[in-house]
Amino acid sequence: MRSPPAYVLGSDEAEVARLDAQAASIAPATALLLRAAGIGPGMRVLDLGTGLGHVAFALAELVGSSGAVVGIDLATPLLDHAERRRAAGGLDQVRLLEADARSYRSAEPFDAVVARLLLFHLPDAVDIVRHHAEALRPGGRFVALDFDLGTVRGEPPLALLAQALGWVEAAFRAAGADPRIGTRLQRILAEAGLAETESLGLQRYYDPHDPTAARLLTAVVRTLARPIVAAGIATEDEMRLDTLEQRLTEESVAMDATLLLPAVVGAWGLRG
């Protein structure tokens, strides 16, 4: 497997807060897609790139006390947060490990493997899926959840929203990530050898007066600000981060525009 691209997001306190807000915004879509993919009671599930544990904890609710969840990640600071939250929540069926999602292998097969917002960052996504599909029991399922930034828009169109989105997408692509990978998830799973693949996307719509969408987008731009400037995508003066959220909100109100954030796309397939 090739070396992964540099991870352009971080793990400091500001990034933890951003990840928590992002996870809250996509929690309903995540729950619906995990259920649609067939995650249920009693399953043994692997969560790749678990980070702060949001998906692992959602999986714990679905598999119940008779199931088990293993969450793995290489970001130790995020795992430390996740472990404290796991212990506080009494989630004894969840185990969190520091391990590389590109090479981890358990001695026991899994009923399902889940990867949310992970394949986005990996140039060899097919190889990663194939590696973990081999660790599924026969009939087990691989579930991928990721964004499609191509679905973001204002209705009617918003110039500042489009500009900020352009900065974000260009920064991810400069780092080797694919911000529209949601469009390709089903094909990736099929190429990795999974059968009966399906795909479904869900998207939230925000009222013009709801500041949530502007806040979430601004947080991503702020996190990516250094790579954006370094890659020559935009200058600090062009981004004007101190007022970006306010300007995005004012633009949506002035245009009476509904804001649509990225679709959360789910794809799943079975090991033959």
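Modeller: What follows takes the labels in turn, for a model that is predicted.

Colleague: Why is the pair of Phe120 and Phe172 called edge-to-face?

Modeller: The ring centres lie 4.8 Å apart, where pairing asks for centres within 6.5 Å, and the planes stand at 90°, where over 60 degrees counts as edge-to-face, so the pair is edge-to-face. By this rule the count comes to one aromatic pair.

Colleague: What makes this pair a tie between parts of the chain?

Modeller: Phe120 belongs to the loop between strand E4 and helix H4, while Phe172 belongs to helix H5, so the pair ties together parts that are 52 residues apart in sequence. Both Phe120 and Phe172 are buried.

Colleague: How do you know that Arg247 has no salt bridge?

Modeller: For Arg247, which is buried, the nearest side chain of opposite charge is Asp242, 6.1 Å away, whereas a salt bridge requires a nitrogen and a carboxyl oxygen within 4 Å. Arg247 lies in helix H9 and, leaving aside residues up to four places away in sequence, touches Leu160, Met239 and Arg240.

Colleague: Why is helix H2 described as largely enclosed by the rest of the structure?

Modeller: Buried means under 20% relative accessible area, and seven of the ten residues of H2 are buried, so the helix is largely enclosed. Among the buried residues are Val55, Phe57 and Leu62, and what covers the buried residues of H2 includes helix H1, helix H3 and strand E4. After H2 comes Gly64, with a positive phi near 70°.

Terms used:
Residues are numbered from 1 along each chain as its sequence is written. This is a predicted model: local features need pLDDT of at least 70, side-chain atom pairs count only at pLDDT 80 or more; totals for chains, interfaces and linings use all residues. Side-chain values use heavy atoms; hydrogens and water are left out. Rings of Phe, Tyr and Trp (its six-membered ring) pair if their centres lie within 6.5 Å; planes under 30 degrees apart count as stacked, over 60 as edge-to-face and the rest as tilted. Helices (H or I, at least four residues) and strands (E, at least two) are DSSP runs, numbered from the N terminus. Buried means under 20% relative accessible area, exposed over 50%, partly exposed in between (1.4 Å probe, protein chains only). Lys and Arg count as positive and Asp and Glu as negative; His and the chain ends are not counted. Contact means heavy atoms within 4.5 Å.
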